[in-house]
Amino acid sequence: MATNDDDTLPLQPPVRLPSEAELAAAVRATPLTTALLRATAPAPGTDSGSGSGSDVGEAGAAGDEELLDEALRQRVAQVLREGEDRQVLSTWTEVCRDVVLRDEQVFLCLVRLFMRRERLSGPPGVLGTLGLVRRVAQDPPPAAPRGRGRRGGSGPADPEPAELSALSPLGSWAARGLISEASGQDIPVMGSFASRDAAALLQGLRSYPEPERLEELTGWLAGRDRGEAAEEVGAALATASPLGRAVGVELLATDFGDEGRRVLDRLIDTPRLGAVIAARLGRDERPSTPEEIAWALVDMAATLLEFGGETDEVIASIAMGMDAEEQAGTLTLFALGDHPWTAQVLRVFIDHHPDRRVAAAARKALRRLHGLASIRG
């Protein structure tokens, strides 16, 4: 099935990273660092390297420093010698960007290692030089069936198992940064929202699986008054993205106890937002206008779009058992709701709905939406 946009990177789950000090120590232990410090030593014979470095490849192999041009080489070496942890990481970001992005295949390999948790077979190449991968143990080959083994050493020798590598913690850190830059998606880091406001929390939690979401929320609540925190989350719902809003409503309903439910009870009378809350919580007693119903339907469909849902899921979220004529009638209301995601939802129906009548109604609604937008200015 198609997704809403095959060129859009699906929301990525959070990544766990070591502390800044641990990451900087890993940088200082890479083969490239060893080679740079040796090549730029102030005097012949000075032992500037420290530590044996990464367990991938030979640390500081001759020529590793030539990955960087001379000017960058000198500047990086100086930071590695004298810089604080944050400076080291900032400089290593620049190094990884320079080395990895100059070769599309290397970058794509790093993306696969990060997003698919794949293992790299064979020599690690520049990813090993940068300390972004490390050797991993392999499962032993299955034992030969009894009575079928080679006798007396005759026959070909068993092939040597291929060398396998996986992302190191430093590799996860570098891959997250490079992929975030390339995609425009700020891939979240576990534990990084404790000092952020509720709006940032809801934005970050969009891609969290349930256990990690609770863990991140627990860290965010530490040191905060629970009632005030619930009010802050409630205040952030109106301006959150559709998926962030859905996460916020769920948190208030299930994880904030009575404080959260009181916030929702108060917000349920809010135009538009209240209709979304009522729809998500099954509060059928809350009366909604046709415009509010359209706004809530678009908001719930947009939640799936934002998450990277398949087009049939988006269509099903609106159809809800209605026949084609009823769906077409519902879509005509969408332009009245003035939801910022209305056009994107309508395009799903235009491009993917199997019934021509529904697709035509979506096109008509989209034209009306554009006309009303020009009138509203």
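Which residues of helix α13 (residues 273-281) are buried? I looked up the relative accessible area, taking buried as under 20%, exposed as over 50% and partly exposed as in between, with a 1.4 Å probe and protein chains only. The buried ones are Leu 273, Gly 274, Ala 275, Val 276, Ile 277 and Ala 278.

**Ground rules.** This is a predicted model: local features need pLDDT of at least 70, side-chain atom pairs count only at pLDDT 80 or more, and totals for chains, interfaces and linings use all residues. Residues are numbered from 1 along each chain as its sequence is written, and side-chain values use heavy atoms, with hydrogens and water left out.

**Helix α13, continued.** I then checked the cover, with contact meaning heavy atoms within 4.5 Å. The cover on the buried residues of α13 includes α11 (242-254), α12 (257-267) and α14 (290-307). Just after α13, I found Gly 282 with a positive phi of about 70°.

**Whole chain.** I noted 19 helices and three strands in the protein chain. These are DSSP runs numbered from the N terminus: helices are H or I with at least four residues, strands are E with at least two. Of the 377 residues, 44% are buried. Among contacts with a separation of 6 or more, 69% come from residues 24 or more positions apart.

What is the order of the three strands? I read β1-β3-β2, an open sheet with antiparallel pairing. The edge strands are β1 and β2, and each pairs on one side only. Helix α5 (residues 104-115) packs on this sheet and touches β1, β2 and β3. Its direction makes about 75° with that of β3; the axes are lines fitted to C-alpha atoms, for helices over the stretch in contact, with angles from 0 to 180 degrees between N-to-C directions.

I went through the bridges next. Strands pair if DSSP finds at least two bridges between them. Two join β1 (residues 120-121) to β3 (residues 164-167). Leu 120 stands opposite Ser 165, and Ser 121 opposite Leu 164. Strand β2 (residues 133-135) meets β3 over three bridges. Arg 134 has Ala 166 as its bridge partner there.

**Gln 185.** Leaving out residues up to four places away in sequence, I listed its contacts as Leu 9, Pro 10, Leu 11, Gln 12 and Ser 180. A polar atom of the Gln 185 side chain lies 3.2 Å from the backbone oxygen of Leu 9.

Key: A polar contact is a pair of N or O atoms within 3.5 Å; within protein, one must be able to donate a hydrogen and the other to accept it, and residues adjacent in sequence count only if both atoms are side-chain atoms.
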